[in-house]
There are 2 protein chains.
Amino acid sequence: MSGLRVTILGAGAMGSALTIPLTDRGNEVRLWATEYDRNVLNMLREGKVHPRINVTIPSEVALYEPEELEDALKGADVVVVAVSSEGLLNVLNRISGLVECKQRILAVTKGFVKVNGRILTVAQAVKSLLGEEVGFVYISGPSIAKELASRSYTNVIFNCEDREVALELKKAFETEYYRIGISTDVIGAELCAALKNVYAIAIGVVDGLAEAKGGITMENAKATLFSKSIGEMAEIVKNWGGEAETAYGLSGIGDLLVTIRGGRNGMLGRLIGRGLPVEGALNEMARKGFGVVEGYVTAKVGYEIIIRDRGLKPSRVPVLYNTYRLLHEGLKLEEFLKEVL
Amino acid sequence: MSGLRVTILGAGAMGSALTIPLTDRGNEVRLWATEYDRNVLNMLREGKVHPRINVTIPSEVALYEPEELEDALKGADVVVVAVSSEGLLNVLNRISGLVECKQRILAVTKGFVKVNGRILTVAQAVKSLLGEEVGFVYISGPSIAKELASRSYTNVIFNCEDREVALELKKAFETEYYRIGISTDVIGAELCAALKNVYAIAIGVVDGLAEAKGGITMENAKATLFSKSIGEMAEIVKNWGGEAETAYGLSGIGDLLVTIRGGRNGMLGRLIGRGLPVEGALNEMARKGFGVVEGYVTAKVGYEIIIRDRGLKPSRVPVLYNTYRLLHEGLKLEEFLKEVL
């Protein structure tokens, strides 16, 4: 096994964590840093641990400066897109002339992006900017980057409309601890990955309520909301032509479970559940240095493209609909609970 | 609304908790104590809080001694079976001559029971001992008794082959905080309720492993195992003629979520994950005063009736199969992890 040449775009938590299994399998790995990764890049050059995943990057990984994108991509068999959804468009535009159709694109970026006024998923954005013929694989499933980087068991799904392409990359990247399943339901995986952040806010609200009351837990309500959220994901995925099973597997249940263990979406929900008005909760988050809360943005976009434009009835997706109303239309907390439980 | 006359058999956590929503809805509620509930009964008579759910029982609830079973049942519209699975056979035998066919049976007991050498579900045992024509409703879903007793939002499913009977009881018992859905998939709900304890042990093993390693969490692995467990429940339910949706809803996802939040099944798993041999872990549990660990017993019974007797392939239910092997056939921890993840 000679290994593939892999260029990872983005030296954030997940991009950097992927260097571990990929080098363990003998691939030739390059890590390209965006403008936002300059500090991290300097630390990595000095052999320090990556501040977000607490490990040093294998010494055989070649590091590239933000200005060295073209060099970083040259001759790569696989390009891993691991930038944030906010940075996605910029990076796709920069690489659009550089990527060749024999290069596979493997994306870990989650969420929706606006391209020419239209809301697209990551797969749609990649194909729209790099060409329909590009071999595109989307990674989904429960993967906290820090755990993957420490070689703790992590199971993911490689989603690709062409099963063979997904299998090819699985064969090159799978290790004992990085376990890869295959699915052809790209749209289903993308919808679950984006919407989980909205559902994590809703579940966080219940956490906050329980904290505010003190003493009594609200695990029954949380479990109900979790289970309803998964049911809604399945409903939405089916409505978009995907498979309900995607929501009922690692991409839905699995990913939502790790998402509610921490992170800013749950934190926003908790602040609202404790009684802060939405505006106040967002300010509090900003004050603590947590900028964009993805689920807050996705609640609105999700409402627009799933309910308003596509016509899925609010009664079929009450948690999504009422989390949107809670966050963006002033729905009262008490009403929210009655509607979603 | 005049309310129904309801007799609850068993003054444990769930039987006692149910007195709260049932009296809130204006039903006439009687609570019958088993031999094991004598101490609790005395406390309730003195107006003390119930030691397991931290609330006092509404004063209008009539309390019955273990010897007063016949009086307790007289004229009841609904009999709620809320004894443990170990106590089920005894109670069913005692009431078999006393229950009339117009009386509804509502059961919250989970698990499998042995009747004349055959392993039966609770519904099967009830019908076998009280008659096939009995109106039987099975309650499933995430309900920690203490939360229900404190009127915290709790959503459950009333499962009955006859939808009308389930609806009738829903109408009489539902409150703002005790929310009742309806399903006709009794066998599916029963299988999920019984097997969740096995899956909770498996997930507990991962918790224990993470604790033993110290420092690094294993949320990716836990989420994977959780999601695979739900997939297996769906597989088993379908194999028994039930509906996969049952596993994907409150009876599967919801109940497993609250089960892994605490309890002796998870505790046994954690001890094994930390490195104790199974025998040692069971002794440690016994030493701490935790007797029967339901999932330990159910792993064996589940293996026998689902895999051995019914022929479902181990490869379709690797978590159930390997948890059985871990607990009862000496499978090594390392092997267990490789097989289930």
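**Notebook: chain A and the cysteines**

I began with burial and noted that 60% of the 341 residues in chain A are buried. I keep in mind that this is a predicted model.

Next I looked up the secondary structure. Chain A has ten strands and 16 helices. I then checked the radius of gyration of chain A, which is 20 Å; the globule rule gives 20 Å for 341 residues, so chain A is as compact as a globular protein of that length. For the overall extent, I wrote down that the C-alpha trace of chain A spans about 60 × 40 × 40 Å along its principal axes.

I turned to contacts in chain A. Among those with a separation of 6 or more, 70% are between residues 24 or more positions apart.

For the surface, I noted an accessible area of about 13200 Å² for chain A. Carbon and sulfur atoms hold 47% of that surface.

I also looked up the charges. Chain A has 40 positive and 42 negative charges. Their mean positions lie 4 Å apart.

I took B:Cys192 as one case to follow up. B:Cys192 is buried, with a relative accessible area of 1%.

Conventions:
Residues are numbered from 1 along each chain as its sequence is written. Chains are lettered from A and ligands numbered from 1 in the order in which they are written. This is a predicted model: local features need pLDDT of at least 70, side-chain atom pairs count only at pLDDT 80 or more; totals for chains, interfaces and linings use all residues. Side-chain values use heavy atoms; hydrogens and water are left out. Helices (H or I, at least four residues) and strands (E, at least two) are DSSP runs, numbered from the N terminus. The radius of gyration is taken over C-alpha atoms; the globule rule is 2.2 Å times the number of residues to the power 0.38. Buried means under 20% relative accessible area, exposed over 50%, partly exposed in between (1.4 Å probe, protein chains only). Contact means heavy atoms within 4.5 Å. Accessible areas come from the Shrake-Rupley method with a 1.4 Å probe; for residues, only the protein chains shown count as cover. Lys and Arg count as positive and Asp and Glu as negative; His and the chain ends are not counted. The place of a charge is taken as NZ of Lys, CZ of Arg, CG of Asp or CD of Glu.
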